[in-house]
Amino acid sequence: MNRTIKKVAILGSGVMGSRIACHFANIGIEVILLDIVPKDAAADKKSRNKIVDDALAFALKSNPSPIYRKAFAKRITTGNFDDNMKDIATCDWIIEVVIERLDIKKQVFGNVEKFRKPGTLITSNTSGIPIHLMNEGRSEDFQKHFCGSHFFNPPRYLKLLEIIPTPKTSPEVVDFLMKYGELYLGKTTVLCKDTPAFIANRIGVYGIMSLFHTVEKMGLTIDEVDKLTGPVLGRPKSATFRTCDVVGLDTLVHVANGVAASCPKDEAIDVFKIPGYVSKMVENKWLGSKTEQGFFKKVKGAGGKSEIHSLDLKTLEYKPSVKAKFATLEQTKTIDNLRDRMKVLLAGKDKAGDFYRTSFYGLFAYVSNRIPEITDELYKIDAAMNAGFAWELGPFEAWDSLGVAETVKAMEAAGNKPAQWIYDMLSSGATSFYKVENGSKKYYDIPSKTFKVIPGTESFIILDNIRANKTVWKNSGATLTDIGDGILNLEWNTKMNSIGAEVIEGINKSIEIAEKDFRGLVISNEGANFSAGANVGMIFMMAVEQEYDELNFAIKTFQNTMMRVRYSSIPVVVAPHNLALGGACEMSMHSDRVVAHAETYMGLVEFGVGLIPGGGGTKEFAVRLSDELQDGDIELNNFRDRFLTIGQAKVGTSAYEAFDLGYLRKGKDVVVVSRNRVLSEAKLNCIELAEAGYTKPAARKDIRVLGKQALGLAYLGANSMQVGNYISEHDVKISQKLAYVLCGGDLSSPTLVSEQYLLDLEREAFLSLCGERKTLERLQSIITGGKILRN
């Protein structure tokens with residue numbers, strides 16, 4: 001069946017329902033969002049839709065936003081179950097997201113059957129109710145097209161989508177949802193068995209409940225545990241207890257009780273028993289963010305300033321948070337690679353090491369025993385934890401990093417013996433759960449005792465899998481890889497993926513090699529962020545030492561490199577994701593095409609550190625302003641918008657907002673929702689440009705700048721802001737420098753100039769600001785984490 005999704009109905013507008021609706025709107029789908037009619041509602045539409053309208057409005061105001069661009073919310077139409085259930089007849093997919101009660105869900109499905117057209121997909125977002133119980137008594141067509149589709153909150157940001165079929169679900173429906181979720185919704189789709197809490201919550205809640213008990217036994221504090229279970233483990237900054245506060249303690253307890261009741265044969269069932277301090281917190285309604293106190297509480301400190309206090313689990317009193325320190329963590333500060341760091345963490349001789357061994361040995365044993373109960377394939381557990389709980393390493397990936405056989409011996413000694421299939425695997429000669437072979441990552445398949453390619457990854461280009469055999473050139477920070485079909489990829493691995501001398505060398509060398517022997521170049525990487533921009537530390541050191549000749553040379557080299565990206569004989573495609581700030585934004589703006597992940601946060605942020613964009617970014621805004629200029633007030637309005645975008649250091653909160661801010665070009669640059677597909681799509685775009693007969697562009701000498709006409713406007717605006725105490729004297733100086741470059745100087749009338757003319761103005765302004773005391777203070781504040789330079 002050639003199935004397409006044009007319209008989706010979301011039944012239930014709570015926290016999950018409204019945000020799922022927003023994410024479908026994000027990808028261009030028309031959405032109907034329905035909920036119940038308030039009790040005693042008046043007859044008018046506004047009163048009858050109050051619950052759904054309020055829920056959607058609350059979602060749209062939340063931070064972080066569930067929507068890529070505010071205008072996308074217009075794709076959502078609200079209504080109620082009584083008046084608008086008939087409208088689901090026009091939908092291709094119906095998703096139930098009502099309260100977690102089987103009786104209510106079955107009542108909703110009964111109403112759905114009255115209006116749903118045959119063949120329409122119907123799924124439930126339940127997080128734990130058995131899927132097969134929901135479709136009892138439904139028609140054959142309903143059962144054939146019904147399954148679970150469990151999104152994780154917030155749906156825009158957490159990438160997991162669990163698909164849970166029943167024995168009556170059509171294989172065609174399952175295949176469609178698995179592919180659609182990944183390709184269009186940007187999800188990691190994981191096929192689950194219909195078991196309690198499915199995969200991610202079964203493992204994740206086990207981990208949290210186990211930690212609750214471990215903390216009590218070891219006498220650890222909340223602050224200590226969050227220090228131990230956050231970024232050092234490749235997990236979110238919210239770590240454990242802050243995450244619990246966000247999710248809601250009542251939700252965690254509900255899932256834990258559900259597992260305990262439904263899985264009496266689970267060997268770790270005692271772990272799911274609720275500790276006394278947790279029960280007391282639930283009794284006190286200390287549930288987390290929703291009740292404004294949980295494991296943490298915001299209080300007014302001295303002078304009325306807000307402070308975050310953490311709960312003392314022994315006394316159940318809130319106390320000021322105390323920074324946690326462990327010798328083991330100190331040893332890992334210089335270890336960037338998480339797999340290498342894991343070995344040090346579990347070898348620790350202090351309380352931290354004891355905590356890690358207790359936690360991970362229990363986790364490893366638990367996940368080994370969940371096969372084949374919750375899944376037959378081990379990679380699904382890792383994929384679910386990667387995407388649902390944002391773990392950089394899933395349990396089996398972490399186990400691999402420590403050495404499977406060695407860890408099994410340590411687990412046995414600690415009383416955490418794993419499942420028999422682990423021993424069978426080691427006996428077969430396999431020493432790890434994963435391996436890379438011929439550029440593909442393979443997992444150990446338990447029944448066949450062989451390694452198989454992870455399904456669904458065939459169309460992805462994963463640099464980690466091909467780098468070893470496909471490296472064309474490298475230096476200390478950058479690596480150039482042959483990704484096939486005549487296309488190269490340049491990546492770099494520096495702190496925050498900042499752009500320093502080694503990266504600049506890499507860009508120039510990559511273009512040189514590509515021009516000689518290849519068809520095109522992609523600039524992309526697999527780091528947490530594409531790039532936080534230029535190496536601020538390098539700029540600061542040269543500025544504070546007043547090495548202005550060296551600084552001038554460095555900035556000119558950066559500008560020339562960006563122009564090399566623009567004016568090469570092969571197409572250059574930049575594929576950013578997450579942070580793409582400062583110099584990374586400038587690089588993107590100079591490429592032939594940007595293929596951006598939807599979650600790209602792009603911006604020229606130099607103003608915030610007392611500078612203007614100096615790597616061609618200011619020049620490029622002048623070029624784009626010229627291309628869109630019209631006579632009269634419109635051109636001054638456009639100038640004002642461009643000026644304020646840089647002057648307010650605006651950063652797009654999605655790739656779509658980057659279009660609105662002028663960083664991306666409409667009709668030229670591309671957005672990809674699936675993070676896994678960004679590099680492969682960038683490669684295809686690079687091939688497309690090459691096969692279209694790409695030729696080196698001609699240097700621009702026709703850039704229309706406004707001169708004094710706009711310069712006076714900018715100066716007046718900056719001075720007015722200072723008079724109103726909105727900006728400082730130093731900010732006025734930066735604003736004037738920025739305006740001077742964008743206007744092409746104090747020319748008496750609009751004039752045509754070259755790119756090089758603007759680059760020279762830009763560099764001169766940048767260098768003059770580097771000598772300012774306030775700029776040096778701001779730069780050092782960033783480098784030192786807030787400590788300001790003092791004589």
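**Close-up 1. Asp 270 and Lys 273 form a salt bridge.** In this predicted model, the two side chains meet at 3.1 Å, N to O. Asp 270 has 49% relative accessibility, so it counts as partly exposed. Lys 273 has a relative accessible area of 51%, and this residue is exposed. The cut-off for exposed is over 50%.

**Close-up 2. Asp 627 and Arg 700 pair across distant parts of the chain.** Their side chains meet in a salt bridge of 2.7 Å, N to O. Asp 627 sits in helix 26, residues 617–628. Arg 700 lies in the loop between helix 29 (678–691) and strand 24 (703–705). The two partners are 73 residues apart. Asp 627 is exposed, with a relative accessible area of 51%.

Close-up 3. The salt bridge count comes to 53.

**Close-up 4. Glu 96 and Lys 105 form a salt bridge between buried residues.** The N to O distance is 2.5 Å. Glu 96 is buried, and Lys 105 is buried too.

**Close-up 5. Helix 30 has its buried residues on one face.** This helix covers residues 708–723, which makes 16 residues. From first C-alpha to last it reaches 22 Å, close to the 22 Å expected at 1.5 Å a residue. Which residues of helix 30 are buried? They are Ala 710, Leu 711, Ala 714 and Ala 718. Seen down the axis of helix 30, the buried residues fall within an arc of 105 degrees, so they line one face. The face turned away from the buried side carries the exposed residues Leu 716 and Val 723. Asn 725 follows helix 30, and its phi is positive, near 60 degrees.

Close-up 6. Buried residues in helix 8 include Val 173, Val 174, Phe 176 and Leu 177. Met 178, Tyr 180, Gly 181 and Glu 182 are buried as well.

**Close-up 7. The second largest pocket holds about 840 Å³ of space.** Its lining has 35 residues, and the closest to the centre are Ser 498, Gly 533, Ala 534, Asn 535 and Val 536. Elements that give two or more residues to the lining include helix 22 (501–517), helix 23 (536–544) and strand 20 (578–581). Helix 24 gives the largest share, 5 residues. The lining divides into 22 nonpolar, 10 polar and 3 charged residues.

Conventions. Residues are numbered from 1 along each chain as its sequence is written. This is a predicted model: local features need pLDDT of at least 70, side-chain atom pairs count only at pLDDT 80 or more; totals for chains, interfaces and linings use all residues. Side-chain values use heavy atoms; hydrogens and water are left out. Buried means under 20% relative accessible area, exposed over 50%, partly exposed in between (1.4 Å probe, protein chains only). Helices (H or I, at least four residues) and strands (E, at least two) are DSSP runs, numbered from the N terminus. On a 1 Å grid over the protein atoms alone, a cavity is a set of points where a 1.4 Å probe fits but cannot get out, and a pocket is an open set with protein on both sides within 12 Å along at least five of seven lines; lining residues have an atom within 4 Å of a point. Grid points are joined across faces, edges and corners, and a volume is the space filled by probe spheres set on the points. Ala, Val, Leu, Ile, Met, Phe, Trp, Tyr, Cys and Pro count as nonpolar, Asp, Glu, Lys and Arg as charged, and the others, Gly among them, as polar. The expected span of a helix is 1.5 Å times one less than its number of residues. The arc is that of the directions from the helix axis to the C-beta atoms. A salt bridge is a side-chain nitrogen of Lys or Arg within 4 Å of a carboxyl oxygen of Asp or Glu.
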